Structures are given as C-alpha cells and as structure tokens.
Amino acid sequence: MGDPFIRHIALLGFEKRYVPSQHYVYMFLVKWQDLSEKVVYRRFTEIYEFHKILKEMFPIEAGDINPENRIIPHLPAPRWFDGQRVAESRQGTLTEYCNSLMNLPGKISRCPHLLNFFKVRPDDLKLPTDSQVKKPETYLMPRDGKSNAADITGPIILQTYRAIADYEKSSGSEMALATGDVVDVVEKSQSGWWFCQMKTKRGWVPASYLEPLDSPDEAEDPEPNYAGEPYITIKAYTALLEDEISLEQGETIEVIHKLLDGWWVIRKEDVTGYFPSMYLQQAGQDTEQAQSRIKRGAPPPRSSIRNAHSIHQRSRKRLSQDTYRRNSVRFLQQRPRGARPGPRSPGSALRFAGPRLSCSESTSARVHQKLASPDFRCEPVHPSFTSQEVSL
C-alpha cells in the first residue's frame, strides 16, 4: 500500500474550551492517502512550534541560506492572547498555510515531522463529560470562507499568578521569574510547566514557582482517584526524595492523583509515591509518540525552592504520602471482588516510597454531526518541585 501521506488538510473552525483553563483550539479535517478522514485539534502555539521545527529541518527551503530560495510558507508568531477575535482572524492565515504545505515537495509534505503532527492523538478522541460545568463552544468556518462577526462574544479571561521565588530559565522556550512577578497563565500543561506571559515576555514556567493571587485555598487540583488509572512508564526515573518512587521504563502502575505541578501520585504494587507525569503514558496507547516528546536528558532534581515568599498567610494544603497510603488501603479493602485489581500484590499492605526506592516491575463524531447540520510545542521535561515545607 506504500507509505502513508496526507492528501489534504482543511480547517473546519475552532473551539473555545474551558478545561483546564479557558483556551482555543483549531479543528482540522485531515484526509489521508487511504481515503480516511480524521478530525484533529491543535492550539496555535503548537502549530507555530511545529512550523519552527520544520524550518530548522529544511533550512534551504526556509530561506535561511538564501531568502530567494524560500518555499516554506510564512506563519506569524503568536500574538498576545487577545481572545476569540484573534482566534477567528487566524483562520484565513491557517487555511492558506495548510494549502501551501500540501503543495511543497514530497520530502517536506510527506516528512515524518509533518505526518506525526497531524496524526490523531488520544485527546482528539475525547468527548466532553457531563461533569464539565462549561462545554466546549464550536465555531465552524463559513462555507464561503469568510469570518462571521456574529461569532465574536468577547475576550478570553486569563488566570493571574504570582512568583514566590526567583527562577532562572535553562532554555529559550522558558521564561525567567523574579520573586513577586505577576504573570498571566495561558496554558496549564499536565507536565507541570505552564505557558505564561508577562508584559513583553512569555514562555514556560514551573507551576511550583507560582501561587494564585486570589486565594491559596483555591481548588485547582482534582480530587484523588483511589480506583487508579492504568499507566505505563515511558522513561526510567530514580527517586531523589523520600516521597518519590523509582521505576524502570515499561512498568505498569496506577495513577491515583494528577497534580497540576506535574508530579503525580502513583501506586505500584504496595508502594505509593510521586513520579513525573512527563514519563507516563496511558495504558493501551501508543508509547512511541509519547517518547518522541521527551527531547532532553535526565530531569532536574525535585529540590526545594529557596527563599520562597508567599503573600498568603496560609500555604496551600498538600496530602502526605501516609494519607495517600491509608486511603488507598481503605479503598482497596472496600473494593468488591472481581473488580480490576491493578498492579498490586494480593494481600500486601500499601506503603509510601522511601529513599531511592526501586520497584519491580467521538470528538470526530461531534464535529461531523455539526457539519451535516445547515509552539508541537517543545515543553521542558518537568519542573523543579517544592518540598512540603515551602509548597504553596
């Protein structure tokens, strides 16, 4: 049947989403060589990072050597997140950009970087749950390709946070912070790195260096799920602190608490502890694509933040590993027989991780239904992590 390639990419419109925070994603209908059609969702910052990497891969065609030889289309850099009006105005630019991509020579239009970017991801197939307070709002492109001003409802509202300590960036995609800096959070990634903007700067910042301006008790993290979700480790990690857990690549574990700072609480047999979410992939999904997102070497130690200063009298509450252990034991004891046992030895009591511990081993349907009716961003691996004494 030959190697797969994309025949056409059509921009369908964009969605306004509210989880984990308000943001916009663009909907693309990707038509493959086997006549299949898939709907994928991408943020503009992802598209722009894909564009930058594509230029680095083909410097001659990008005009880096001789501007007259440029054939890769231009794409404006992300503007300040002005809201729905900006999301709508980009549609014409993205339509022209995708058409130009498909007209490039095969070595570019069929390169693995482009094909992987437009492949269906697990998040592309997720439907909104009934528990969501606000469901996504979908705005489809008019049939004549012109924007509809009636769709404009107002600007996006960004969440404001404050830096509790100085942070020195280690790459060009990150943003340095000084204690007391106030930033607007554009995106909260599950890796624990948040994309922020401040005056004329923007970049990735570790979530553990930020606190909400309004209240330290603001309920942001989801509640623990002691039933556990099955995940597989896609990269080995050696514990550096007592409440972390060491795992080798390819081990099966259960995630019981997904914290926004990127350090999730996991359960492996009779052990609970923190583990970097960047090194986990849901069981049953493609691990090669997840591994390709890990571009750097060993992650930085989860060391304490020094000289942390909070504007709040009380720090944000954080459960101890002993609490996770007790609650896990209680849940597993009450779970009816025949329920999914998970990766745990029968009859063993749960315990929390010790020092250097090592363990052994739809959305598409929704869019098509509507149609029938009249920066690949390179994120840092994972953030520095506060100790219990200075966590805010």
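Reply: Start with confidence. This is a predicted model. In the protein chain, helix α7 (residues 363-372) has the lowest confidence, with a mean of 46, while helix α4 (residues 112-117) has the highest, at 96.

Me: What is the mean pLDDT of the protein chain?

Reply: The mean is 76. Of the residues, 70% reach 70 or more.

Me: Where does pLDDT stay under 50?

Reply: One stretch is residues 355-378. The model still has 73 contacts there beyond four places in sequence. Another stretch is residues 386-392, with 17 such contacts.

**The overall chain**

Me: How many helices and strands does the protein chain have?

Reply: There are 7 helices and 15 strands. The chain has 392 residues, and 47% of them are buried.

**The cores**

Me: How should I read a nonpolar core?

Reply: Begin with the general idea. In soluble globular proteins, nonpolar side chains tend to be buried together. Now the case here. The largest nonpolar core holds 34 residues. I6, F28, L54, L114 and F118 touch the most other members.

Me: Which elements each supply at least two residues of this core?

Reply: Two are strands, β1 (6-17) and β2 (23-32). The others are helices α1 (44-57), α2 (84-102) and α4. Helix α2 gives the most, with 6 residues.

Me: Which residues is I6 in contact with, leaving aside its neighbours within four places in sequence?

Reply: I6 meets V30, K31 and W32. I6 also contacts M102, L114, L115 and F118.

Me: What does the second, separate core include?

Reply: This other core has 21 residues. Among them are I164, M175, W193 and F195.

**Salt bridges**

Me: What about charged side chains?

Reply: Side chains of opposite charge can pair when their charged atoms come close. In this structure the count comes to 11 salt bridges. Take R162 and E211: their closest N and O atoms are 3.2 Å apart. R162 lies in strand β5 (residues 159-163) and E211 in strand β9 (residues 210-212), so this pair ties together parts 49 residues apart in sequence.

Me: Are R162 and E211 buried or exposed?

Reply: R162 is buried, and E211 is buried too.

Me: Where do E229 and K258 sit?

Reply: E229 is in strand β10 (residues 229-233). K258 is in the loop between β11 (252-257) and β12 (263-268). The two are 29 residues apart, and their pair links distant parts of the chain. Their side chains meet in a salt bridge at 3.3 Å, N to O.

Me: Why does E229 count as partly exposed?

Reply: Look at relative accessibility. Partly exposed lies between under 20% (buried) and over 50% (exposed). E229 has 26%, so E229 counts as partly exposed.

Me: Which residue does K268 meet in a salt bridge?

Reply: K268 meets E251, at 3.5 Å, N to O. K268 is in strand β12, and E251 is in the loop between β10 and β11, 17 residues apart. K268 counts as buried at 3% relative accessibility. E251 counts as buried at 5%.

Me: Which residues are linked in a network of salt bridges?

Reply: D322, R325 and R326 are linked this way.

**Single residues and the surface**

Me: Is K188 buried or exposed?

Reply: K188 is buried, with a relative accessible area of 7%. K188 belongs to strand β6 (residues 182-188). K188 and G262 are 74 residues apart in sequence, yet 9.9 Å apart in space, C-alpha to C-alpha.

Me: Which residues form a nonpolar patch on the surface?

Reply: V182, L213 and I311 do. Together they have about 230 Å² of accessible area. I311 sits in the loop between α5 (287-291) and α6 (321-334). I311 counts as partly exposed, at 45% relative accessibility.

Me: What is the phi of L35?

Reply: L35 has a positive phi of about 75°, although L35 is not a glycine. Its place is in the loop between β2 and β3 (37-42). At 64% relative accessibility, L35 counts as exposed.

Key:
Residues numbered from 1 in each chain as written. Predicted model: local features only at pLDDT ≥ 70, side-chain atom pairs only at ≥ 80, totals over all residues. Heavy atoms only, no water. pLDDT = per-residue confidence, 0-100. Helix = DSSP H or I, 4+ residues; strand = E, 2+ residues; numbered from the N terminus. Contact = heavy atoms within 4.5 Å. Buried < 20%, exposed > 50% of the residue type's maximum accessible area, 1.4 Å probe, protein only. Core = buried A, V, L, I, M, F, W, Y, C linked by side-chain atoms within 4.5 Å. Patch = residues over 30% accessible without salt bridge, like charges linked within 9 Å, V, L, I, M, F, W, Y side chains within 5 Å. Areas by Shrake-Rupley, 256 points an atom, 1.4 Å probe, with all protein chains shown as cover. Salt bridge = Lys/Arg side-chain N within 4 Å of Asp/Glu carboxyl O.
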